Amino acid sequence: MMRTGDTPLISMRNIKKSFGSVHALRGASIDVYPGEIVALVGDNGAGKSTLVKVMAGVHGWDSGEYDFEGQPAKIASPSDATALGIQTVYQDLALCNNLDAVQNLFLGRELAGSWWGGRRMKRAEQEVRAREVMTRMRLGNLSLSRPVGAMSGGQRQNIAIARSILWKPNVVILDEPTAALSHSAAEQVSILIRTLADEGLGVVVVSHDIHHFVVNATDRIEVMRLGANAASFKSSDVTGEQVVNAMVGGNEAVNLAG
Ligand SMILES: Nc1ncnc2c1ncn2[C@@H]1O[C@H](COP(=O)(O)OP(=O)(O)OP(=O)(O)O)[C@@H](O)[C@H]1O
Ligand SMILES: [Mg+2]
């Protein structure tokens, strides 16, 4: 793991969030450092998606601190998070199946510069930019002109990730990126997020694939249970079984992350 600085990109402390009477987050904390892949794990309903949605500006939070690069984060909407370089790849990927990869990469963001200047990025310009980003992600051999609906789940996942890094973010959040993927496609996602971390990005990844993906492809594991942190591990020092035990039971919070 390469920590390029001691200030985390993101530091969330004791975040609480309720939906009516449902206490989705009861005091959750997480730090995200540049160059680091953090796994967020826990049983269904543990609060993982809620925490990353607060991180991404989708939900506000009721109490607790959220700092970005050491300053209180001014995040009241997803566009505030995007402006800070926090990009999210959602579970449903939000791709348009009838459009090709280039069109999907620029979907909703075709305008570069001021709207009144009418600087609509031209297809040729988009293709160059798309090719750049795919090469950077070592996906240079993926077709950019086929409809993404005709692509495999793994290829679609890669395009969704490429879309998130097109604007050079600081943090990429992935909610269950390997959920529907074959072993080899999941492996490709692992390589891809390591490439991003090696470039100095912070990566947060929610996953239920503890035994393969989480223990092998991440640097640190934060275990959530009932809306709070239950344990923290350094990925290289833990077995899948230990992580699962921390997810489902045991009364005491453990901290082996050092
Ligand atoms: N928009 C919402 N309105 C009401 N309750 C919600 C909302 N979003 C989440 N919750 C509740 O908050 C709790 C945490 O949900 P969350 O989606 O964060 O869990 P999760 O850890 O992502 O689970 P999973 O592994 O199943 O995706 C659950 O009890 C859920 O029902
Ligand atoms: Mg979830």
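Leaving aside neighbours within four places in sequence, Asn-104 is in contact with Leu-95, Cys-96, Leu-99, Val-148, Ile-159 and Arg-163. The model is a predicted one. Asn-104 sits in helix 3, which spans residues 101-105. Its relative accessibility is 0%, so Asn-104 counts as buried. A polar atom of the Asn-104 side chain lies 2.7 Å from the backbone nitrogen of Cys-96. Cys-96 is also one of the contact residues of Asn-104.

**The ligand site**

Ligand 1 has 13 residues around it. Which of them come nearest? Asn-44, Gly-45, Lys-48, Thr-50 and His-208 do.

| Side chain | Distance to an oxygen atom of ligand 1 |
|---|---|
| Asn-44 | 2.8 Å |
| Lys-48 | 2.7 Å |
| His-208 | 2.8 Å |

The protein covers 61% of the accessible area of ligand 1, which on its own is 640 Å². By class, the shell holds four nonpolar, six polar and three charged residues. Strand 2 (22-32) and helix 1 (48-55) each supply at least two shell residues. Helix 1 gives the most, with three residues.

**Helix 1**

How many of the eight residues of helix 1 are buried? Six are, and the helix is mostly covered. The buried residues are Lys-48, Thr-50, Leu-51, Val-52, Val-54 and Met-55. Two of these names return from the ligand site: Lys-48 and Thr-50 are among the residues that come nearest to ligand 1. The side chain of Lys-48 also places an N or O atom 2.7 Å from a ligand oxygen. Gly-57 follows helix 1, and its phi is positive, near 80°.

**Helix 6**

Helix 6 covers residues 183-198 and has 16 residues. From first C-alpha to last, helix 6 reaches 23 Å. That is close to the 22 Å expected at 1.5 Å a residue. Its buried residues are Ala-185, Ala-186, Val-189, Ser-190, Leu-192, Ile-193, Thr-195, Leu-196 and Ala-197.

What do these buried residues pack against? The helices are helix 4 (123-136), helix 5 (153-165) and helix 7 (210-217). The strands are strand 3 (37-42), strand 7 (171-175) and strand 8 (202-206). Just after helix 6 comes Gly-200, with a positive phi of about 100°.

Most residues other than glycine have a negative phi. Glu-69 has a positive phi, near 45°. Glu-69 lies in the loop between strand 4 (63-68) and strand 5 (71-72). Glu-176 has a positive phi too, near 55°. The place of Glu-176 is the loop between strand 7 and helix 6.

Is each of these glutamates buried or partly exposed? Glu-69 has 44% relative accessibility and therefore counts as partly exposed. Glu-176 is buried because its relative accessible area is 17%, under the 20% cut-off.

Note on methods
Residues numbered from 1 in each chain as written. Chains lettered and ligands numbered in written order. Predicted model: local features only at pLDDT ≥ 70, side-chain atom pairs only at ≥ 80, totals over all residues. Heavy atoms only, no water. Helix = DSSP H or I, 4+ residues; strand = E, 2+ residues; numbered from the N terminus. Expected span 1.5 Å × (residues − 1). Buried < 20%, exposed > 50% of the residue type's maximum accessible area, 1.4 Å probe, protein only. Contact = heavy atoms within 4.5 Å. Near = heavy atom within 4 Å. Polar contact = N/O pair within 3.5 Å; in protein donor to acceptor, adjacent residues only side chain to side chain. Areas by Shrake-Rupley, 256 points an atom, 1.4 Å probe, with all protein chains shown as cover. Nonpolar A, V, L, I, M, F, W, Y, C, P; charged D, E, K, R; others polar.
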